[in-house]
Amino acid sequence: MRKEDVPDPPPGVRIAKPHDWARIWARVITAPSVKLTGFALLTWADYGDGANIRPGYPLLMRVTGIGSKSTVSAALGQISDWGFIWKYAEANRRLKLPDEYRLTWPDDISGVPMLDPDWELPGDPCG
């Protein structure tokens with residue numbers, strides 16, 4: 001999809017620039033496969049608007065070292081469920097085109113486990 005054809009995300013999420021997204025994503029508390037998949041997506045995100053992420057499963061698996069398509073798929077699902085990516089184009093298997101994503105962030109992050117702004121675990125009495 002051409003850059004000018006990338007739609008705006010739906011209500012509830014906002015466009016995120018890669019640098020800003022990375023700073024927030026670093027604070028998310030999640031399984032290593034989810035964290036790594038999220039950071040790998042930055043590799044393909046357009047610098048200006050976080051769009052045009054379309055590595056496909058084989059490439060994403062090679063880059064992350066995750067050996068299971070189902071693990072990568074679950075990681076993408078979790079990142080999407082939290083609102084940190086938005087899939088705006090479905091894969092076309094006949095044309096061998098992968099899904100296309102854009103970096104986003106949710107308007108409401110209250111349901112996302114995160115380190116606090118001081119990079120401490122939430123509620124950590126030793127922090």
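Here is a short walk through the structure, stop by stop.

Before you click anything, note that this is a predicted model, where local features need pLDDT of at least 70, side-chain atom pairs count only at pLDDT 80 or more, and totals for chains, interfaces and linings use all residues. Residues are numbered from 1 along each chain as its sequence is written, and side-chain values use heavy atoms, with hydrogens and water left out.

**Whole chain**

Start with the protein chain as a cartoon. Helices here are DSSP runs of H or I with at least four residues, strands are runs of E with at least two, and both are numbered from the N terminus.

Switch to the C-alpha trace: its span along the principal axes is about 55 × 35 × 20 Å.

Now colour by burial. Of the 127 residues, 39% count as buried, meaning under 20% relative accessible area, while exposed is over 50% and partly exposed lies in between (1.4 Å probe, protein chains only).

Next, show the charged side chains: there are 15 positive and 16 negative ones, and the centres of the two sets lie 10 Å apart. Lys and Arg count as positive, Asp and Glu as negative, with His and the chain ends not counted. Each charge is placed at NZ of Lys, CZ of Arg, CG of Asp or CD of Glu.

**Thr64**

Select Thr64, in helix H3. Thr64 is buried at 11% relative accessible area. Draw two distances from polar atoms of the Thr64 side chain: 2.8 Å to the backbone oxygen of Leu60, and 3.1 Å to the backbone nitrogen of Ile66. Leaving aside neighbours within four places in sequence, Thr64 is in contact (heavy atoms within 4.5 Å) with Leu36, Thr37 and Ala40.

**Two positive phi angles**

Go to Asn52, in the loop between helix H2 (32–41) and helix H3 (56–64). Asn52 isn't a glycine, yet has a positive phi of about 65°. With 9% relative accessibility, Asn52 counts as buried.

Last stop: Trp119, in the segment after strand S3 (100–106). Trp119 is another non-glycine with a positive phi of about 65°. At 39% relative accessibility, Trp119 counts as partly exposed.

Note on methods: A polar contact is a pair of N or O atoms within 3.5 Å; within protein, one must be able to donate a hydrogen and the other to accept it, and residues adjacent in sequence count only if both atoms are side-chain atoms.
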